[in-house]
Amino acid sequence: MEGKDTERQVQESLLLDVLRYCRQYQEEEAYREFRQLIISQPVLAYRDYRRVLASPVLKPLKAFIREAYVDLFTLQVDQNYRFCPRCNYPQRQRAEGSYGCRSPRCDRLRIKQQLPPLTTIPSEESEEYKAVTPGIHRYGTIPGLWEIDLHKQISRLGIQSTLWPEIDEYDLLIDFGYRRRWAIDVKDWSYLNLERLKAVQFRSDVKRTYVVFPDANEEFLRIKVLRKRLESELGGVRLRLMSELVAEVKLFKEGK
């Protein structure tokens with residue numbers, strides 16, 4: 001751990017603890033439920049939080065969930081808690097008085113998509129809510145939004161897809177049937193880096209292995225120019241924007 005963000009890095013390490021635990025005890029269903037939870041519900045009303053803790057599927061991860069979620073009022077003190085319309089996490093007040101998401105990139109997407117504001121929670125009700133820690137939000141919730149979005153787009157095409165298969169060996173498995181499967185890793189990095197790309201291993205148990213980048217990050221639009229040179233270094237791993245992958249899945253389904 002290094003830099004100015006060590007507190008969030010410590011909080012992020014909980015995600016690695018959950019991963020190791022689930023791999024050790026082969027808790028694939030619990031792992032998938034946990035990931036869905038912190039991405040789709042980074043803020044929980046206390047009654048929902050109790051239901052999560054009582055869930056039979058999530059029972060093996062109860063201690064991790066208690067560590068991942070903290071009382072909402074411990075994040076910040078506010079008269080009215082506002083939430084990001086894109087990721088549903090508590091917004092932070094800027095110096096000039098306006099509010100925005102704790103993730104600058106998430107905030108830019110919120111503005112670009114013109115998402116309407118969510119209902120606020122008054123301070124006197126804040127004790128009735130739990131929220132994931134800032135580290136879980138930054139390293140689990142925000143990147144996970146892209147993974148779930150891609151999963152939904154593929155599913156709408158009538159193609160079977162599975163999130164975090166084999167306890168997060170990669171992000172998405174697309175299954176066309178007849179042993180035609182693609183492995184997908186979704187990367188929401190701040191910049192392209194060949195060495196980081198080389199860490200993604202080509203998988204011999206599937207037909208294709210992809211690294212996929214969100215179109216919304218303009219840095220990744222350079223993929224179209226750099227793809228041929230980068231792919232030559234990656235041992236069979238293919239690079240695509242999300243929109244390109246969805247279009248390719250559609251064509252493959254239609255036999256084209």
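This is a predicted model: local features need pLDDT of at least 70, side-chain atom pairs count only at pLDDT 80 or more; totals for chains, interfaces and linings use all residues.

Visitor: What volume does the largest pocket have?

Guide: The largest pocket comes to about 1,200 Å³.

Visitor: And how many residues line the largest pocket, and which lie nearest its centre?

Guide: The lining has 39 residues. Nearest the centre of the largest pocket are Glu 12, Tyr 139, Pro 143, Glu 147 and Trp 189.

Visitor: Which helix gives the most to that lining?

Guide: Helix 6 does, with 8 residues. Among the other elements that supply at least two residues each are helix 1 (6-25), helix 2 (28-40) and helix 5 (104-113), along with strand 10 (181-186) and strand 11 (208-213).

Visitor: How does the lining of the largest pocket split by class?

Guide: There are 20 nonpolar residues, 14 charged and 5 polar in the lining of the largest pocket.

Visitor: Moving on. How much space lies in the second largest pocket?

Guide: The second largest pocket holds about 260 Å³.

Visitor: Which residues line the second largest pocket?

Guide: Its lining includes Ile 39 and Ser 40, then Arg 86, Cys 87 and Asn 88. Gln 113 is also there, as are Leu 145, Trp 146, Ile 148, Asp 149 and Lys 152.

Visitor: Where does the largest share of that lining come from?

Guide: From helix 6, which supplies 5 residues to the second largest pocket. Helix 2 also supplies at least two.

Visitor: What about classes in the second largest pocket?

Guide: The lining of the second largest pocket has 5 nonpolar, 3 polar and 3 charged residues.

Technical notes: Residues are numbered from 1 along each chain as its sequence is written. Side-chain values use heavy atoms; hydrogens and water are left out. On a 1 Å grid over the protein atoms alone, a cavity is a set of points where a 1.4 Å probe fits but cannot get out, and a pocket is an open set with protein on both sides within 12 Å along at least five of seven lines; lining residues have an atom within 4 Å of a point. Grid points are joined across faces, edges and corners, and a volume is the space filled by probe spheres set on the points. Helices (H or I, at least four residues) and strands (E, at least two) are DSSP runs, numbered from the N terminus. Ala, Val, Leu, Ile, Met, Phe, Trp, Tyr, Cys and Pro count as nonpolar, Asp, Glu, Lys and Arg as charged, and the others, Gly among them, as polar.
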